[in-house]
Amino acid sequence: MGERVSMSVHNIVFDMGGVLLDWNPFSYASQVSDSQEDADLIFEALFMNHAWSLGDSGTLSDQWVLESALSKLPERLHRACEVAWRTYPEMQAVISETNELGRQLHEAGFGVYILSNVSNRFREELEPRIPLSSCTDGILISAEELLMKPDPRIFTRFCQRFDVDADDCLFVDDLELNCQGARAAGWHAFQFNGAIEPLKCEVSKLMGFNC
């Protein structure tokens with residue numbers, strides 16, 4: 001960080017998939033499949049199924065998400081689909097650079113949070129895999145709130161829950177649509193594409209430092 005100018009943001013809010021943990025569902029389908037064709041079928045039936053979004057929204061149980069996927073697959077792929085559904089949290093690699101950035105910001109006294117579209121499996125299966133989760137100031141997930149990004153209401157809910165101001169928050173997400181939802185709620189937002197230096201520069205500028 002360079003010379004300090006003026007501070008405009010005190011809180012950094014990270015998405016999970018694609019920001020703190022890898023999110024590559026086709027790879028997860030491929031790891032349990034014997035062919036490209038089978039991987040395509042499992043990917044579409046499980047991860048691209050509308051039921052997956054309903055699970056993230058908290059309106060459909062995780063078991064029903066699996067049942068919906070199985071109903072779209074030939075019986076010979078049921079076992080592989082069940083394995084993908086059960087083990088995909090373990091397949092999500094940690095993105096060390098963003099977790100480390102969050103840790104450094106926390107130690108510097110800034111608010112550090114997680115806001116993610118994710119099912120109720122998060123608390124037991126995914127939260128323990130995120131290094132940053134041990135030092136956040138709060139975590140808000142869609143399934144517990146019955147609201148999902150990019151709906152601006154989930155960002156408003158976040159501000160109410162953690163008593164922070166919208167214009168005092170920077171949201172980091174891998175999808176521009178979700179960033180647009182944050183901006184509609186009055187937040188700053190940055191689309192993360194896997195490169196850590198542009199994110200560090202954006203954080204520096206919004207925290208009042210010359211990049």
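Student: Where is Tyr-88 found?

Tutor: In this predicted model, Tyr-88 is found in helix H5, which spans residues 78-91.

Student: Is Tyr-88 buried or exposed?

Tutor: Tyr-88 is buried, because its relative accessibility is 4% and the cut-off for a buried residue is under 20%.

Student: Which residues does Tyr-88 touch, not counting residues up to four places away in sequence?

Tutor: Tyr-88 touches Trp-23, Tyr-28, Phe-47, Trp-52, Arg-121 and Leu-126.

Student: Let us step back. What does the secondary structure of the protein come to?

Tutor: The protein has eleven helices and five strands.

Student: What percentage of the residues count as buried?

Tutor: Of the 211 residues, 54% count as buried. The accessible surface comes to about 9900 Å², and carbon and sulfur atoms account for 48% of that surface.

Student: What about contacts between residues at least 6 apart in sequence: what percentage join residues at least 24 apart?

Tutor: Among those contacts, 66% join residues at least 24 apart.

Student: How many positive and negative side chains are there?

Tutor: There are 16 positive and 33 negative side chains. The centres of the two sets lie 1 Å apart.

Student: On to aromatics. How many aromatic pairs does the count come to?

Tutor: The count comes to 16 aromatic pairs. One of them joins Tyr-113 and Phe-162, whose ring centres are 5.2 Å apart and whose planes are at 45°, so the pair is tilted.

Student: Which elements hold Tyr-113 and Phe-162?

Tutor: Tyr-113 is in strand E2 (residues 111-116), whereas Phe-162 is in helix H9 (residues 152-162). The two residues are 49 residues apart, and the pair thus links distant parts of the chain.

Student: Is Tyr-113 buried or exposed, then?

Tutor: Tyr-113 is buried, at a relative accessible area of 7%.

Student: Which residues form one aromatic cluster with Tyr-113?

Tutor: The cluster consists of Tyr-113, Phe-155, Phe-158, Phe-162, Phe-171 and Trp-187.

Student: Changing topic: where is the place of Glu-145?

Tutor: Glu-145 is in helix H8, which covers residues 142-145.

Student: Buried or exposed, that Glu-145?

Tutor: Glu-145 is buried, with a relative accessible area of 9%. Leaving aside neighbours within four places in sequence, Glu-145 is in contact with Leu-140, Arg-157 and Arg-161.

Student: How far apart are Glu-145 and Gly-58, C-alpha to C-alpha?

Tutor: They are 7.6 Å apart in space, although 87 residues separate them in sequence.

Student: What is the phi of Asp-163?

Tutor: The phi of Asp-163 is positive, about 55°, although the residue is not a glycine. Asp-163 lies in the loop between H9 and strand E4 (169-173). With a relative accessible area of 70%, Asp-163 is exposed.

Student: Last topic: in which strand does Ala-189 lie?

Tutor: Ala-189 lies in strand E5, residues 188-191. At 12% relative accessibility, Ala-189 counts as buried.

Student: What is Ala-189 in contact with, leaving aside its neighbours within four places in sequence?

Tutor: Ala-189 is in contact with Leu-170, Phe-171, Cys-179, Ala-182 and Arg-183. Phe-171 is also one of the members of the aromatic cluster that includes Tyr-113. As for Cys-169, its C-alpha is 8.2 Å from that of Ala-189, and the two are 20 residues apart in sequence.

Note on methods
Residues are numbered from 1 along each chain as its sequence is written. This is a predicted model: local features need pLDDT of at least 70, side-chain atom pairs count only at pLDDT 80 or more; totals for chains, interfaces and linings use all residues. Side-chain values use heavy atoms; hydrogens and water are left out. Helices (H or I, at least four residues) and strands (E, at least two) are DSSP runs, numbered from the N terminus. Buried means under 20% relative accessible area, exposed over 50%, partly exposed in between (1.4 Å probe, protein chains only). Contact means heavy atoms within 4.5 Å. Accessible areas come from the Shrake-Rupley method with a 1.4 Å probe; for residues, only the protein chains shown count as cover. Lys and Arg count as positive and Asp and Glu as negative; His and the chain ends are not counted. The place of a charge is taken as NZ of Lys, CZ of Arg, CG of Asp or CD of Glu. Rings of Phe, Tyr and Trp (its six-membered ring) pair if their centres lie within 6.5 Å; planes under 30 degrees apart count as stacked, over 60 as edge-to-face and the rest as tilted.
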